[in-house]
Amino acid sequence: MEREFYTISVYVDKDENLIGIPCGESEKYGIADIDKVLLLNAPYTDKALESFVEKVIDACYTKKHNDSSPVSTIERYTKKSGFVNATADFELISIVKTQTNYSLMPTFNDYEKGPLAIEDDEHILPLNYNEGEMAEVIHGFIEIYLKANMFYKEKRELEEEKNKA
């Protein structure tokens, strides 16, 4: 059955590994993440990245959101309590597929609220985008919002020091 839209959350860690979480129906929220996690480990090709996004989108609506659980899918996956804590080490890219296009939107990680959408940097791609276009947008988000983050270098240095100790 064709839907009006599909929405997925793609979390990117510091090593550029991807965690994809599809959406499903929810009695409580309308649409929400479902208990399904797909992974793509770096390094990967642009084609593999775009195939991964399609695979996560294809998993949308394959089950319903677990309305009885107060714990989100990313919390269960990371084994961290609270959405803000579970998402703190990731850059979130929200991807919505409609009947006409894809909307890719990066987020800024607010340390009190978690990921907040950066609507000014939304990228719209047609459904029949050229191979490599979606990967280019996602790589751009990773460069700007993960690696160019002013704290990225400092966080990496602190982690390296901690690992040496």
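Helix α1 (residues 46-58) buries L49, E50, F52, V53, E54, V56 and I57. Buried means under 20% relative accessible area, exposed means over 50%, and partly exposed lies in between, with a 1.4 Å probe and protein chains only. Helices are DSSP runs of H or I with at least four residues, strands are runs of E with at least two, and both are numbered from the N terminus. This is a predicted model, in which local features need pLDDT of at least 70, side-chain atom pairs count only at pLDDT 80 or more, and totals for chains, interfaces and linings use all residues. Residues are numbered from 1 along each chain as its sequence is written, and side-chain values use heavy atoms, with hydrogens and water left out.

What do the buried residues of α1 pack against? They pack against β1 (5-12), β2 (18-26), β4 (38-40), β5 (91-98), β6 (101-110) and α4. Contact here means heavy atoms within 4.5 Å.

Now follow α1 to its helical partner. Helix α4 covers residues 133-147. The two helices pack at an angle of about 90 degrees, with their axes 8 Å apart. Axes are lines fitted to C-alpha atoms, for helices over the stretch in contact, and angles run from 0 to 180 degrees between N-to-C directions. α1 and α4 are therefore roughly perpendicular to each other. That label covers 65 to 115 degrees; under 35 degrees counts as roughly parallel, over 145 as roughly antiparallel, and the rest as oblique.

Which residues make the contact between α1 and α4? D46, L49, E50 and V53 in α1 meet E133, M134, A135, I138 and H139 in α4. By class, this contact has 5 nonpolar, 1 polar and 3 charged residues. Ala, Val, Leu, Ile, Met, Phe, Trp, Tyr, Cys and Pro count as nonpolar; Asp, Glu, Lys and Arg count as charged; the others, Gly among them, count as polar. An α-helix has 3.6 residues a turn, so residues three or four places apart point the same way.

The next topic is the core. A nonpolar core is a set of buried Ala, Val, Leu, Ile, Met, Phe, Trp, Tyr and Cys residues joined through side-chain atoms within 4.5 Å. The largest one has 31 residues. I8, L18, I95, Y102, L104, M134 and I138 have the most contacts inside it. β1, β2, β4, α1, β5, β6 and α4 each supply at least two residues of this core. The largest share, 8 residues, comes from α4. I138 touches L49, V53, I93, I95 and L104, not counting residues up to four places away in sequence. Apart from this core lies another, of 7 residues, among them I21, I74, A86 and L92.

L104 sits in strand β6. Is L104 buried or exposed? L104 is buried, with a relative accessible area of 0%. Leaving out residues up to four places away in sequence, L104 touches S94, I95, D121, E122, H123, L125, M134, V137, I138 and F141. One of these, E122, is found in the loop between β7 (114-117) and β8 (123-126). At 35% relative accessibility, E122 counts as partly exposed. With neighbours within four places in sequence left aside, E122 is in contact with S103, L104 and M105.

Several loops deserve a look at the backbone. Between β4 and α1 lies P43. A cis peptide bond joins A42 and P43, with omega about 0 degrees. The loop between β1 and β2 holds E16. Phi of E16 is near 70 degrees, a positive value in a residue other than glycine. At 17% relative accessibility, E16 counts as buried.

K79 lies in the loop between α2 and α3. Its phi is also positive, about 60 degrees, although K79 is not a glycine. K79 counts as exposed, at 73% relative accessibility. G82 is found in the loop between α2 (73-78) and α3 (83-87). G82 is partly exposed, with a relative accessible area of 26%. The C-alpha atoms of G82 and P70 are separated by 9.5 Å, and the two residues are 12 residues apart along the chain.
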